[in-house]
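Welcome! Have the sequence and the model side by side, and let us walk through them together.

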Amino acid sequence: MVNISRETVEVPLEDCEPDPRFMYRIRYNIDDLVGSIVENGQLYPAFAWRREDGKYMVFAGIRRLMAARMAKEKYGKPNTFLLYMVPPNTPLEEMWKIAYEENMRQQTLTSLDLVKLVMMLRNTIPLTEFK
């Protein structure tokens, strides 16, 4: 298992990007989350790795990132985003496991999201590794 920092890092929102390899949802419903972020702030950090150019690539918590961006656009806040960091050389399989576990914990996946996720994973990780 990869060494994940459970220390929360606060970074500029504009330095965060969704990792396109993990954008598997059919639809990102963020309206409710935008309101929550405006009222309460970001409650849970997302997971990311840092590129050589300094950008933070979010691979678990993409919905939170999109909601934070929308809140910034509509309401002028937040300016920062909370992250748990993984090393840039983290194996893709480990990142998929983290993303899967995070989404199952949040219980925000639709049936169509799960189907698309399985289709993306079938050539990446043996499905027997998911419990």
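In which helix is the place of M95? M95 sits in helix α3. Before going further, a word on what you are looking at: this is a predicted model, in which local features need pLDDT of at least 70 and side-chain atom pairs count only at pLDDT 80 or more, while totals for chains, interfaces and linings use all residues. Residues are numbered from 1 along each chain as its sequence is written, and side-chain values use heavy atoms, with hydrogens and water left out.

## The overall plan

The protein chain holds four helices and five strands. Here helices (H or I, at least four residues) and strands (E, at least two) are DSSP runs, numbered from the N terminus. Starting from the N terminus, the order of elements is β-β-α-β-β-α-β-α-α.

Of the chain's 131 residues, 44% count as buried. Buried means under 20% relative accessible area, exposed means over 50%, and partly exposed lies in between (1.4 Å probe, protein chains only). Contact, another term used below, means heavy atoms within 4.5 Å. Among the contacts in the protein chain with a separation of 6 or more, 80% are between residues 24 or more positions apart.

## Two residues and their surroundings

Let us return to M95. With 2% relative accessibility, M95 counts as buried. Setting aside neighbours within four places in sequence, M95 is in contact with R21, F22, W49, F59, V86 and T90. M95 and A48 are 47 residues apart along the chain, and their C-alpha atoms are separated by 9.0 Å.

Now look for Y56, which belongs to strand β4 (residues 56-60). Is Y56 buried or exposed? Y56 is buried, at a relative accessible area of 9%. Beyond the neighbours within four places in sequence, the contacts of Y56 are V11, D15, C16, E17, A48, W49, R50, L83 and M85.

## Salt bridges

Side chains of opposite charge can pair when their charged atoms come close. How many salt bridges does a search of the whole structure find? The search finds six, a salt bridge being a side-chain nitrogen of Lys or Arg within 4 Å of a carboxyl oxygen of Asp or Glu.

| Pair | N to O distance |
|---|---|
| R21 and D19 | 2.7 Å |
| D32 and R63 | 3.0 Å |
| R64 and E102 | 2.7 Å |

The salt bridge between D32 and R63 links distant parts of the chain: D32 is in helix α1 (residues 31-40) and R63 is in helix α2 (residues 62-75), 31 residues apart. D32 is exposed, with a relative accessible area of 54%, while R63 counts as buried at 16%.

R64 pairs with E102. R64 lies in helix α2 and E102 in helix α3 (residues 92-106), so this pair ties together parts that are 38 residues apart in sequence. R64 is buried at 9% relative accessibility, and E102 is buried at 7%.

## Where α1 meets α2

Two packed helices are described by the angle between their axes and the distance between the axes. The axes of α1 and α2 come within 8 Å and cross at roughly 65°. These axes are lines fitted to C-alpha atoms, for helices over the stretch in contact, and angles run from 0 to 180 degrees between N-to-C directions. α1 and α2 are therefore roughly perpendicular to each other, a label for angles of 65 to 115 degrees (under 35 is roughly parallel, over 145 roughly antiparallel, and the rest oblique).

Which residues make the contact? From α1 come D32, L33, V34, I37 and V38, and from α2 come R63, R64, A67, A68, M70, A71 and Y75.

## Two spots in the loops

M23 is found in the loop between β2 (16-18) and α1. M23 is partly exposed, with 29% relative accessible area.

The loop between α2 and β5 (80-85) holds P78. A cis peptide bond joins K77 and P78, with omega about 10°.
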